[in-house]
Amino acid sequence: MTDDIPDAVRDAAPGDVTGTAARDLPRDTAPAEPDAVTCRALAYAFGDTKAVDGLDLSVHAGEVFGLLGPNGAGKTTAIRCITTLLPVPAGMVGVFGCDPARERMAVRRLLGYVPQQLSADAALTGRENVSLFARVFDVSRRERAARVAQALAAVGLADAAGRLAKTYSGGMIRRLELAQALVSAPRLLILDEPTIGLDPIARTTVWQHINAVRAATGMTVLVTTHSMDEADQYCDRVALMHRGRIHALGTPDELRAELRERRRASGEAGRGEAEPTLEDVFRDVAGRGLDEQSGGFRDVRSTRRTASRVG
Ligand SMILES: Nc1ncnc2c1ncn2[C@@H]1O[C@H](COP(=O)(O)OP(=O)(O)OP(=O)(O)O)[C@@H](O)[C@H]1O
């Protein structure tokens, strides 16, 4: 784990780095370090329910990786195994080469995690919330105030730091939770549906801050989402997860091009088919099971919990 949040994070003004700009960072500098996340044949069951069922995944250091899938695909369960919150009963998980089972604290020190559930305390100020995380993550007393201020500034909350979190908007709460995760200067930031329930402007703002920090630090980002549009716009690579395993993996452009090719080969192309979207790719690789399983991609957006998370 790095000792400090780099000054560049503090200085990265929100909006200066867009998702597109961050995606244009050089990709051909081969990472000398191990992959940020490795899962091999990972399996986890709740009773008879195979939540994760033979998951193979590599998240390269420095990339923004999107784990996509409908409700119940197993995304959160996989994330909880990676973050040491669940044991790894079958298969293996590595985080920058560390084994969560044997090096639990080492793995936790590498991670910043923003779960789906509310992790900020509404009765505390923004600054107090981030300070709490700084203490939990052993940021030294000497450094703490500066690191808390840096993390709040990095997500655009410096001016609101003295206000109670219960006065924040949903988007501000999400950014506060981001600051909490960033205060320990993680090498890997894991975000479980970071923009669910937010309006389009708040979504964009959250992503601008994620990308600004990532561009400044080289941090790896693993994000789960139902939103194909966000994945398309902000993720370097995506994995399409369904029923506990990965059905397709690549850059959004690669996945779309592969579907275009499959359509061409099967004679579907040229019959007025629109350019494929990522959702088309998912429907193609997951097959009819996607419609049979409860929860698609669109209907879930309006039903989830951010509105009530902060009330
Ligand atoms: N604590 C639990 N006890 C029993 N079953 C669970 C538990 N947590 C998850 N499951 C089941 O495991 C499967 C995978 O759930 P998981 O939450 O990992 O999916 P997900 O892709 O993250 O879904 P969502 O997008 O809704 O968060 C589902 O069938 C779910 O009902």
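The structure is a predicted model, in which local features need pLDDT of at least 70, side-chain atom pairs count only at pLDDT 80 or more, and totals for chains, interfaces and linings use all residues. Residues are numbered from 1 along each chain as its sequence is written.

**Exercise 1.** Determine which helix gives the most to the shell around the ligand.

*Solution.* The residues around the ligand include Phe46, Thr49, Gly74, Lys75 and Thr76. Helices (H or I, at least four residues) and strands (E, at least two) are DSSP runs, numbered from the N terminus. Strand S2 (49-59) and helix H3 (75-82) each supply at least two residues of the shell. H3 gives the most, with three residues.

**Exercise 2.** State the strand order of the open sheet and name its edge strands.

*Solution.* Two strands pair if DSSP finds at least two bridges between them. The order of the six strands is S5-S6-S7-S3-S8-S9, with mixed pairing. The edge strands, each pairing on one side only, are S5 (111-114) and S9 (245-250). Within the sheet, S3 (residues 64-68) and S8 (residues 237-242) pair in the parallel sense over four bridges.

**Exercise 3.** Describe how helices H5 and H7 are oriented to each other.

*Solution.* H5 (residues 126-136) and H7 (residues 170-182) pack at an angle of about 30°, with their axes 8 Å apart. Axes are lines fitted to C-alpha atoms, for helices over the stretch in contact, and angles run from 0 to 180 degrees between N-to-C directions. Angles under 35 degrees count as roughly parallel. H5 and H7 are therefore roughly parallel to each other.

Note on methods: Near = placed C-beta within 6 Å. Parallel < 35°, antiparallel > 145°, perpendicular 65-115°, else oblique.
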